[in-house]
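Reader: Could you walk me through how to read strands, burial and contacts in a model like this one?

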Amino acid sequence: MAVYVADGTIIARGDAASPEVFTAIAQVASIGTVGSDRGLIDVTNLSSAAREYKKAIVDGQEIQLSCQWDPANVIHVLLQETDVDAETSVNFKITFADTSTTIVTFAAMVTNASVTNVEIDNVLMLNVTLKPTGALTWT
């Protein structure tokens, strides 16, 4: 079984142009869980001998990013000042650092962009929450 390290994984933000150009988000320290889940719909009725369920529609999990904050970085500014206020989604692409270069693309709304770690002997971080809207596409 192969094992892959995360070092070298890149997350990039699309510019919505045609063709779309993706720019890497700088100084990313961590990318949280990337995936989808499906809730359950309770379809139990009075004739059921036990609880019965059907799968609900697929829902992309929120993705948490943590970046070393650079207030002069154009993408950091877009995430923090534009995307979090926008009513529309933005396209993102994660390129994993495995040998086959696995890529996942998705549209997401930026639901949070906060500067954290404001304390002595610490690095200022920009924490970003992405909520996928639609399917995640793995290639």
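Author: Happy to; we will go from the ground rules to a strand, a residue, a core and then one more residue. This is a predicted model, in which local features need pLDDT of at least 70 and side-chain atom pairs count only at pLDDT 80 or more, while totals for chains, interfaces and linings use all residues. Residues are numbered from 1 along each chain as its sequence is written, and side-chain values use heavy atoms, with hydrogens and water left out.

Reader: Which strands pair with β1, and in what sense?

Author: Helices (H or I, at least four residues) and strands (E, at least two) are DSSP runs, numbered from the N terminus. Two strands pair if DSSP finds at least two bridges between them. Here β1 pairs with strand β7 (residues 90-95) in the antiparallel sense over 4 bridges, and Ile11 stands opposite Ile94 in β7. β1 also pairs with strand β2 (residues 22-24), again antiparallel, over 3 bridges; there Arg13 stands opposite Thr23.

Reader: Why is β1 described as largely enclosed?

Author: Buried means under 20% relative accessible area, exposed over 50%, and partly exposed in between (1.4 Å probe, protein chains only). Strand β1 (residues 10-14) is largely enclosed by the rest of the structure because 4 of its 5 residues are buried.

Reader: Is Arg13 buried or exposed, and what does its side chain make a polar contact with?

Author: Arg13, which is found in β1, counts as buried because its relative accessibility is 11%. A polar contact is a pair of N or O atoms within 3.5 Å; within protein, one must be able to donate a hydrogen and the other to accept it, and residues adjacent in sequence count only if both atoms are side-chain atoms. The Arg13 side chain makes one with the side chain of Asp83, at 2.7 Å.

Reader: How many residues does the largest nonpolar core have?

Author: A nonpolar core is a set of buried Ala, Val, Leu, Ile, Met, Phe, Trp, Tyr and Cys residues joined through side-chain atoms within 4.5 Å. The largest has 20 residues, and Phe92 and Phe106 are among those with the most contacts inside it. β8 gives the most to this core, with 5 residues.

Reader: And what is Val115 in contact with?

Author: Contact means heavy atoms within 4.5 Å. Val115 lies in strand β8 (residues 103-116) and counts as partly exposed because its relative accessibility is 28%. Setting aside neighbours within four places in sequence, Val115 is in contact with Trp69, Gln80, Leu124, Met125 and Leu126.
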